[in-house]
Amino acid sequence: MATTGTTPSGETSVASAVEWELRLPGRPTLQIHDNHWRNGERDLRLHRPPVMPEMPSALSNLHERLRSGVASTPGRPELRIMVYLTYVGERDRPRFNKSLTTEDLADRVGLSVLRELTARAGVTLEPAHDRPNLPLVDLDDPQDEKPLQHALFFPVEDDETPVLGFVHFRVVPVLRHIGWLSSDGG
């Protein structure tokens, strides 16, 4: 499916979307678009269908907002998706936190989820930027001293990891907020 829109950098371009479905028993199917823009950019977003099924406003407000860019990093062969965690703010508007300690990240996403993601071939969770004095990201001993921006790095040919990251970092927190998922993911 091709669509015209605005890329993460603000350019008008045409995207081909790879569509993924997120299904929860007894709930409307949510569609995630992995947009591959003609100018080389890529992003993931919760797609707003032409007719929106009934759902809580916090989830409705996430559609077509808070997309996640998929980008390369200078000097690295992998791609990355930033680990910006969604929370629901005033007026049921989803927002995100950019910087968390690794312990806060593990508490909010779930240590088991982060370990499952990083157990995938070639996938790592690391500081998003190469700056001095940033603590290591160690899931065996998550640090709780310095907030930082985390990123999930993955091989270029891996199309599933960014979608899984988007679901866990952007969609699941909203599903928990509205009560469609329990805090333990069930």
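## Briefing on a predicted single-chain model

Met55 is in contact with Leu30, Ser60, His63 and Trp180, when its neighbours within four places in sequence are left aside; contact here means heavy atoms within 4.5 Å. The structure is a predicted model, in which local features need pLDDT of at least 70 and side-chain atom pairs count only at pLDDT 80 or more, whereas totals for chains, interfaces and linings use all residues. Residues are numbered from 1 along each chain as its sequence is written, and side-chain values use heavy atoms, with hydrogens and water left out.

**Overall architecture**

- The chain contains four helices and 10 strands, where helices (H or I, at least four residues) and strands (E, at least two) are DSSP runs numbered from the N terminus.
- In sequence order, these elements follow the pattern β-β-β-β-α-β-β-β-β-α-α-β-β-α.
- The radius of gyration is 16 Å, close to the 16 Å that the globule rule gives for 186 residues, so the chain is as compact as a globular protein of that length; the radius is taken over C-alpha atoms, and the rule is 2.2 Å times the number of residues to the power 0.38.
- The C-alpha trace spans about 50 × 40 × 30 Å along its principal axes.
- Of the contacts in the chain with a separation of 6 or more, 57% are accounted for by residues 24 or more positions apart.

**Surface and burial**

- Buried residues make up 45% of the 186 residues, with buried meaning under 20% relative accessible area, exposed over 50%, and partly exposed in between (1.4 Å probe, protein chains only).
- The accessible surface of the chain comes to about 9,900 Å², and carbon and sulfur atoms hold 48% of it; such areas come from the Shrake-Rupley method with a 1.4 Å probe, and for residues only the protein chains shown count as cover.

**Packing of helices α2 and α3**

- Helix α2 (residues 102-109) packs with helix α3 (residues 111-118) at an angle of about 100 degrees, their axes being 6 Å apart; axes are lines fitted to C-alpha atoms, for helices over the stretch in contact, and angles run from 0 to 180 degrees between N-to-C directions.
- The two helices α2 and α3 are therefore roughly perpendicular to each other, since angles of 65 to 115 degrees count as roughly perpendicular, those under 35 as roughly parallel, those over 145 as roughly antiparallel, and the rest as oblique.
- On the α2 side the contact is made by Leu105, Ala106 and Val109, and on the α3 side by Leu111, Val113 and Leu114.
- By class, this contact of α2 with α3 has six nonpolar, no polar and no charged residues, where Ala, Val, Leu, Ile, Met, Phe, Trp, Tyr, Cys and Pro count as nonpolar, Asp, Glu, Lys and Arg as charged, and the others, Gly among them, as polar.
- Leu105, in helix α2, is buried at a relative accessible area of 0%, and among the residues that it touches beyond four places in sequence are Val83, Leu85, Leu125 and His150.
- Leu114, in helix α3, is buried at 1% relative accessibility, and its contacts beyond four places away in sequence include Leu105, Ala106, Val109, Leu139 and Phe169.

**The loop between β7 and β8**

- Most residues other than glycine have a negative phi, and most peptide bonds are trans.
- Arg91, in the loop between β7 (85-88) and β8 (94-97), has a positive phi of about 55 degrees although it is not a glycine, and it is exposed, with a relative accessible area of 77%.
- Asp92, also placed in the loop between β7 and β8, has a positive phi of about 60 degrees without being a glycine, and it counts as partly exposed at 29% relative accessibility.

- Asn35 is placed in strand β3 (residues 30-37) and counts as buried at 3% relative accessibility.
- Beyond its neighbours within four places in sequence, Asn35 is in contact with Ala15, Ser16, Ala17, Glu41, Arg42, Asp43 and Arg45.
- Pro49 is found in the loop between β4 (42-46) and α1 (57-60), where it is partly exposed at a relative accessible area of 26%.
- Met55 lies in the loop between β4 and α1 and is buried, with a relative accessible area of 14%.
- The C-alpha atoms of Met55 and Arg27, which are 28 residues apart along the chain, are separated by 8.6 Å.
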